[in-house]
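Biologist: I would like to learn how to read a structure. Can you take me through one?

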Amino acid sequence: MAELTIKRIESYVQNNNRLGLVRVVTESGASGWGQMAPTNADISQMVLHRQVTSLVLGQDALDRDSISQHVIETSYKFPGTYICRALAGIDTALWDLYGKLEGQPVARLIGARELIAPAYASSTSRIIEPRDEAARMVLCREQNGFEAFKVRVGKRMGHDVDERPGRTEEIIPLIRQALGPDVRLMVDANSGFSVGRAIQVGHMLEDQGYAHYEEPCPYWDIEALATVAETLDIAVAAGEQDYDLMQWRRILTTGAVDIAQPDICYVGGMTRALTVARMAAEYNRPIVPHASNNSLVQVFSAHLLAGIPNAGPHFEFSIEPHNVGGSIYEPLLEVHDGVCALSDTPGWGVTIKQTWLDEAHREVSELEA
């Protein structure tokens, strides 16, 4: 249909180049909003307009699978994260556009019966003292009814060194003691441990009844992850960094993860995230999408969790005070009794704030007449 030909692609970047939104517009004027992966969004914006938009303009806006495949295959000389980060902006915008054309929220388009998504309270801090971390987790339970919580252990890419000596050993039992036996507890090691240390920490987690052990070893070392997963009873989770679908196949084939964690904006959009979800289902692996802030990636993740048959028990909901979603879109997702209720408004169910767009750096690519 000529009226659904992609005519214009706009991008908007601000927040010190941390966040970038994308708008796709068709010949008919139908449009949708998406988001590139956070951080260094100015680089993603450059890649978007120099290498990606020329491959997308003139295409059918409803042919999301072909568009994603075409961008990845045509960019074979430039494989890597920035192609996928840029593609994510276009792909998520196309899903928003599709939902608006169909009069349905994205979650329903991918299979949701109920527009709800259970959430876990996610801390991204390692500088917070364990007792202060426990106190704010208790407050999250009291105020929002969270029944699942994740804290940080080790040090990001830490080579077995803690953020401060002894913090891992201190925080693991303290969080369980503060929250009691009936909640689901998780930790994220951010690729911080060798296999031996990862297993040692894993046994501590098992002793305290933790349910989810995220990225215990460097994420690229899938054999190390597989060894840890095979050795421990606690579920090993990973995958947020992984954007290559064949790497995802290797991760699943080797048994490196018990829980698959694609990030919709890192992997290249909802279309590719759904491919990962289908691949994971072949191996009976649940999906717990990664979303470390409350930009639009949190909205995308909630729709994904609500819609797929192999959804994990919760999606990630950041509790950090520096989140920026409130300046970008409305309404923000809210957690009540541990659950987010998604809007039944078509597409992503949010409105982008003009005030944010007015302050952003804008670039445009258009289909030549």
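Modeller: Start with one residue. C84 is buried, with a relative accessible area of 2%. Keep in mind that this model is predicted.

Biologist: How many disulfides are there?

Modeller: First the general idea. A disulfide covalently links the sulfur atoms of two cysteines. Here the count is zero. C84 is in no disulfide, and the nearest cysteine sulfur, that of C265, is 11 Å away. The cut-off is 2.5 Å. C340 is in no disulfide either; the nearest cysteine sulfur there belongs to C140, 12 Å away.

Biologist: Is C340 buried or exposed?

Modeller: C340 is buried, with a relative accessible area of 0%.

Biologist: Now the sheet. What is the order of its four strands?

Modeller: Again, the idea first. Backbone hydrogen bonds pair the strands of a sheet, in parallel or antiparallel fashion. This sheet is open, its order is β3-β2-β1-β15, and the pairing is antiparallel. β3 (31–35) and β15 (361–366) are at the edges. Each has a single partner strand, so one side of each lacks a neighbour in the sheet. On average, neighbouring strands are turned by 20° against each other, ignoring direction.

Biologist: How many bridges join β1 to β2?

Modeller: Eight bridges join β1 (residues 6–14) to β2 (residues 19–26), and the two run antiparallel. Take S11: its bridge partner in β2 is V22.

Biologist: Which strands does helix α3 touch?

Modeller: Helix α3 (residues 81–102) packs on the sheet and touches β1, β2 and β3. Its direction makes about 140° with that of β3. Helix α12 (residues 296–307) lies across β2 and β3, at about 105° to β3.

How values were computed: Residues are numbered from 1 along each chain as its sequence is written. This is a predicted model: local features need pLDDT of at least 70, side-chain atom pairs count only at pLDDT 80 or more; totals for chains, interfaces and linings use all residues. Side-chain values use heavy atoms; hydrogens and water are left out. Two strands pair if DSSP finds at least two bridges between them. Axes are lines fitted to C-alpha atoms, for helices over the stretch in contact, and angles run from 0 to 180 degrees between N-to-C directions. Contact means heavy atoms within 4.5 Å. Buried means under 20% relative accessible area, exposed over 50%, partly exposed in between (1.4 Å probe, protein chains only).
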